[in-house]
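Here's a quick tour for someone seeing this one for the first time. Have a look at the display, then read on.

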Amino acid sequence: MARVEFLVKAFCLILVITHCQFQDAQTETLSSIGVNWGAQASQPMEPSVVVNMLKNNGIKKVKLFDADSWTVSAFRGTDIELMLGIPNDQLKKLSKSKDDAKDWVKENVTKHVKDGGVNIRYVSVGNEAFLSSYNGSYIHILFPAMQNIQRAIEKAGYGDKIKVTSALNADVYESGSSGKPSNGVFRKDTYDVMKQIVQFLDEKNSPLVVNIYPFLSLYQSKDFPEEFAFFDSSNSEIDDNGAHYSNMFDANLDTLVASLKKIGHPNVPIVIGEIGWPTDGDKNANVQNAKKFYRGFLKKMASKKGSPRHPGTMTVYLFGLFDENLKSIAPGNFERHWGIFRYDGKPKFQVDFSGKEQDKYPIAAKGVRYQEHKWCVLKNNISNITSLGGAMSYACAGGDCTSLGYGCSCFGILNGQGNASYAFNQYFQINDQSVEACDFDGVATIVSKDPTKGNCRFPIAIYSNGNMLQVMHKLGGFFIMFSLILTIVWFHWESFLMGPLTLSVKVQDSAISSPPPDACIRRKQNSPVRNSFASVSIGEEKPFDFLRTLFEGVIAGGTAGVVVETALYPIDTIKTRLQAARAGEKLVLKGLYSGLTGNLAGVLPASALFVGVYEPIKQKLLRIFPENLSAFAHLTAGAVGGIAASLIRVPTEVVKQRMQTGQFSSASGAVRFIAAKEGFKGLYAGYGSFLLRDLPFDAIQFCIYEQIRIGYKLAARRDLNDPENAIIGAFAGALTGAITTPLDVIKTRLMVQGSANQYKGIVDCVQTIIKEEGPQALLKGIGPRVLWIGIGGSIFFGVLESTKRFLAERRPALVHHSKSEKVKD
């Protein structure tokens with residue numbers, strides 16, 4: 001009996017523990033509560049991490065300010081309701097073109113909603129478009145844009161589920177000098193268009209979305225009673241025909257209710273699009289006030305009492321989810337500090353989303369990856385603070401110094417040196433801890449000890465590579481399509497001038513175009529030629545074969561490029577550091593895979609583009625050149641493929657080598673910093689030297705490889721196997737790598753110099769290297785380079801030929817009936 005009693009108690013204990021763990025895993029939240037998720041941050045959180053955080057906190061409604069596909073896709077399979085946003089800069093286009101509206105809905109709504117993937121409920125056209133500070137810029141285009149989006153949604157079949165609205169600021173209505181809510185009326189300059197919009201919303205059963213900010217009333221008026229901005233006071237500040245108002249929110253909401261009633265639409269649903277309290281950037285913006293505001297507001301929402309003239313519950317979206325350090329501070333320094341969570345997903349204060357006033361923190365984001373634990377601070381030996389004005393201004397212009405102002409979190413905690421360190425570190429972290437971002441004319445240094453003091457936090461940047469990868473993939477796709485279109489146009493234009501295009505190869509191996517030995521003699525039956533190079537013969541070809549060759553080249557090239565880059569990246573890093581090191585500098589062996597992810601995003605399209613262009617051009621040139629000049633066809637095709645691929649290779653190489661030499665810790669930060677400091681041309685630094693090295697390299701390597709394969713094949717009288725292709729590729733790569741090492745050193749020095757501009761050009765670079773380090777410096781890194789390219793050539797050509805053979809085996813069988821096939825011995 002005692003044993004049974006023990007088991008029962010143990011079972012109950014397990015149930016209690018399980019229940020507590022479940023509650024800890026997901027917070028109870030009011031069903032009417034949502035959040036605004038803005039992404040104007042230097043390192044935005046990865047969408048998948050944010051969505052999991054929202055789910056853990058029980059938040060089921062999210063309002064976005066755009067329709068970024070990567071972000072929206074992260075909600076697939078969840079039950080979270082989304083309100084998508086259309087920025088104001090798109091209103092003009094959407095107001096004038098129904099086709100543009102249709103395209104927007106197809107791209108941003110239909111593709112996410114189909115198959116029940118993403119739960120999109122609203123589309124907010126524009127954001128606070130009628131702000132008085134905009135001087136009427138959008139008054140005549142907002143409503144037409146809303147109508148066109150509504151029509152497009154209805155045509156797509158989602159009119160009953162997805163509603164169109166527009167988030168408006170509370171300054172669109174006013175109560176006059178009396179300040180009484182019952183006198184509410186829409187602003188004179190917006191009155192007519194607001195009547196149209198409200199009627200439209202009423203007809204479509206869509207809500208009117210309004211942003212209400214009690215904090216702004218307190219911020220903008222010294223005479224505003226502070227307690228009226230919160231919800232704790234029971235004293236009535238406004239008495240209006242029997243209605244008593246003890247908080248600004250109720251008074252503002254009922255002003256809107258009166259405005260709607262006066263234009264004949266009192267029953268239009270109202271949604272609060274934004275409401276919140278900032279935690280820094282002003283004397284009233286702090287954690288204590290934010291906690292007080294949310295505690296009172298959420299308690300009010302849980303009571304479901306509403307306001308005197310709008311009783312009951314309503315949907316509200318808290319503003320906002322995270323701090324955004326790239327937002328404009330024109331309205332005030334507090335604009336970057338509205339987040340309930342910090343930039344890294346950690347909660348700032350205790351808040352109970354259930355409205356039960358429990359003192360507990362929301363669940364933090366999980367899986368956030370921080371960059372290295374290092375900070376940029378003022379050097380200890382710098383005592384003349386007055387001389388730092390320019391450096392601090394520069395740091396604050398490119399960083400975020402809003403916490404240093406009067407009454408802010410760092411005010412009174414830091415001295416002059418501390419303020420400088422804070423500014424330097426903000427700039428340093430925003431630029432992804434780039435070494436170049438911690439210089440400031442030599443007065444700053446990087447440290448590993450956290451300089452945080454009290455409530456004045458010195459942040460560490462987080463990794464955020466998603467946007468960079470998307471940009472690289474889009475650029476890669478654009479360049480591939482652009483180059484392939486040019487290639488197709490060139491071929492068909494030439495075929496129009498010269499006759500029908502026939503490119504059928506007379507051999508089984510798609511890698512080269514070499515016939516059996518006897519066919520080499522038959523190709524020119526009347527005039528046999530003694531060949532200076534290995535010969536190759538091309539027969540007639542079907543028009544389809546060009547596109548097939550193009551497609552197979554793209555697939556094989558992309559596959560080979562990714563495999564070889566991943567395998568040999570550490571050797572490439574060592575080579576780069578050896579070449580970039582000046583006299584006396586030591587080689588660092590840490591972080592040998594630094595920059596690989598961003599580099600692969602460029603290598604894939606670049607390799608695909610190179611081979612995709614090389615193969616069809618090689619085939620065409622082999623038909624044009626005499627067979628004893630096949631080497632020139634390979635040389636030319638390699639050079640043309642190299643030029644096409646350089647459009648992607650150069651920016652990728654610049655970013656990769658800056659990261660390998662420790663200047664940046666992430667690809668996205670490298671791109672932003674280079675573009676900001678050096679302009680777009682900075683991403684093409686060393687382009688001339690890159691071509692000087694890579695065009696000869698590509699041409700020579702592919703020519704050597706192709707010629708050896710042809711000769712070997714003729715001698716062996718059979719197709720080559722994978723090990724033989726790999727050995728030939730290794731030899732061609734190693735030999736070419738050794739020959740072009742001086743060009744690679746010059747290219748590397750020009751690419752990694754950044755904005756310092758030590759070298760004025762290729763000639764100056766060569767002269768400076770020889771003068772300062774001797775001629776032998778032009779062969780720096782030749783060992784790793786030959787090893788890297790030799791092994792790389794083996795892997796690249798081995799994978800290339802294997803992939804091409806794989807694709808050829810799955811090619812539909814075609815029966816060729818060319819004259820050349822009918823020739824008998």
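Helix 11 passes helix 12 in a left-handed crossing (left-handed: the near helix is turned anticlockwise from the far one by less than a right angle; right-handed: clockwise). Helix 11 covers residues 389–398, and helix 12 covers 416–430. Helices here are DSSP runs of H or I with at least four residues, strands are runs of E with at least two, and both are numbered from the N terminus.

A word on the ground rules: this is a predicted model, where local features need pLDDT of at least 70, side-chain atom pairs count only at pLDDT 80 or more, and totals for chains, interfaces and linings use all residues. Residues are numbered from 1 along each chain as its sequence is written, and side-chain values use heavy atoms, with hydrogens and water left out.

Back to that first pair. On the helix 11 side, the residues are Ala-391, Met-392, Tyr-394, Ala-395, Cys-396 and Gly-398, and they meet Asn-419, Ala-420, Ala-423, Phe-424, Tyr-427 and Ile-430 in helix 12 (contact means heavy atoms within 4.5 Å). Sorted by class, that contact has 10 nonpolar, 2 polar and no charged residues. For the classes, Ala, Val, Leu, Ile, Met, Phe, Trp, Tyr, Cys and Pro count as nonpolar, Asp, Glu, Lys and Arg as charged, and the others, Gly among them, as polar.

| Helix pair | Angle | Axes apart |
|---|---|---|
| Helix 11 and helix 12 | about 40° | 8 Å |
| Helix 6 and helix 7 | about 20° | 10 Å |
| Helix 5 and helix 6 | about 55° | 8 Å |

The axes are lines fitted to C-alpha atoms over the stretch in contact, and angles run from 0 to 180 degrees between N-to-C directions. Angles under 35 degrees count as roughly parallel, over 145 as roughly antiparallel, 65 to 115 as roughly perpendicular and the rest as oblique. Helix 11 and helix 12 are therefore oblique to each other, while helix 6 and helix 7 are roughly parallel.

Helix 6 also passes helix 7 in a left-handed crossing. Leu-142, Phe-143, Met-146, Gln-150 and Glu-154 of helix 6 touch Val-193, Gln-196, Ile-197, Phe-200, Leu-201 and Lys-204 of helix 7. By class, that makes 7 nonpolar, 2 polar and 2 charged residues.

Helix 5 crosses helix 6 in a right-handed way. Here Lys-98, Ala-101, Lys-102, Trp-104 and Val-105 in helix 5 meet Asn-148, Ile-149, Arg-151, Ala-152 and Ile-153 in helix 6, and the contact has 6 nonpolar, 1 polar and 3 charged residues.

Now for the second largest pocket, with a volume of about 1,000 Å³. A pocket is an open set of points on a 1 Å grid over the protein atoms alone, where a 1.4 Å probe fits, with protein on both sides within 12 Å along at least five of seven lines; lining residues have an atom within 4 Å of a point. Points are joined across faces, edges and corners, and the volume is the space filled by probe spheres set on them. Of the 42 lining residues, the closest to the centre are Asp-280, Asp-323, Arg-342, Asn-455 and Arg-457. Which helix gives the most to this lining? Helix 12 does, with 4 residues. The lining has 15 nonpolar, 16 polar and 11 charged residues.

Finally, two backbone details. The peptide bond from Phe-319 to Gly-320 is cis, with omega near -5°. Asn-135 has a positive phi of about 55° although it is not a glycine.
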